[in-house]
Amino acid sequence: MPATKPPPESVLISESRLQHRIRELGAQISTDYENQELVLLGVLRGSVLFFADLARAISATGPPNPDCGVRVRFEFVQLRSYHESTKPSKVQLIHGGSDYLEHRHVLIVEDIVDTGYTLKFLREHLGTLNPKTVKVCTLLDKPAQRQVPVAIDYIGFEIPDTFVVGYGLDYAQQYRNLPYIALLESI
Ligand code: IMP
């Protein structure tokens, strides 16, 4: 039986702060892509809750506003990163998006950027699919651990160098369904 880990001990970002900031991000993205088609590319699994709330915060084309808003399409990729001691993380593609990305505006929706290896890998992969533009929206940015430089266009919150769970983020597949971001202390 796996060892039971201590539960998250303290809330770092409350549900109301998360939702307020996501509405701001959605408004900014709605302005930046007004009247255009935008492919939201979710990175499974950690981004799912953020993806769902962000998508609804982007003003939609359709009733009652058929002539303005953003024409949004959903696509997903699934990646796995693993660590070998003393070597940089390796990232592996499990499910790789779709041919639909070709000649489209793509917005990568990430849960957290930490070392930057995942984003670097994903950008290189997307380069082979020939999108028109690629931007990045991450809920959390942890710049203290950055190993490779990555450009991020929309950041929800910058957080200190600490391990967090909740709102999609896990520790050993637990805690993803917390509606807030919590510090996982004493691991
Ligand atoms: P990277 O180090 O920027 O490549 O991030 C790789 C992945 O590590 C992220 O997409 C997350 O799934 C995971 N990750 C990094 N920091 C945390 C954390 O504080 N909590 C939960 N997952 C994390």
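Predicted model: local features only at pLDDT ≥ 70, side-chain atom pairs only at ≥ 80, totals over all residues.
I started with where the ligand is: it sits in the largest pocket.

**Pocket**

I looked up the volume and got about 940 Å³ of space in the largest pocket.

**Shell around the ligand**

Next I asked which residues surround the ligand, and I got 15, the closest being D114, T115, G116, T118 and V164. By class, the shell splits into 6 nonpolar, 4 polar and 5 charged residues.

I went through the ligand's oxygen atoms. One is 2.6 Å from a side-chain N or O atom of T115. For D114 I found a backbone N or O atom 2.8 Å from a ligand oxygen. D111 uses its side chain, with an N or O atom 3.3 Å from an oxygen of the ligand.

How much of the ligand's accessible area does the protein cover? I got 84% of the 490 Å² that the ligand has on its own.

**Elements behind the shell**

Last, I looked up which elements give two or more residues to the shell around the ligand, and these are β5 (105-113) and α3 (117-127). β5 gives the most, with 4 residues.

Conventions. Residues numbered from 1 in each chain as written. Heavy atoms only, no water. Near = heavy atom within 4 Å. Polar contact = N/O pair within 3.5 Å; in protein donor to acceptor, adjacent residues only side chain to side chain. Areas by Shrake-Rupley, 256 points an atom, 1.4 Å probe, with all protein chains shown as cover. 1 Å grid on protein atoms, 1.4 Å probe; cavity = no way out; pocket = protein on both sides within 12 Å on 5 of 7 lines; lining within 4 Å. Sits in = over half its atoms within 2 Å of the grid points. Nonpolar A, V, L, I, M, F, W, Y, C, P; charged D, E, K, R; others polar. Points joined across faces, edges and corners; volume = space filled by probe spheres on them.
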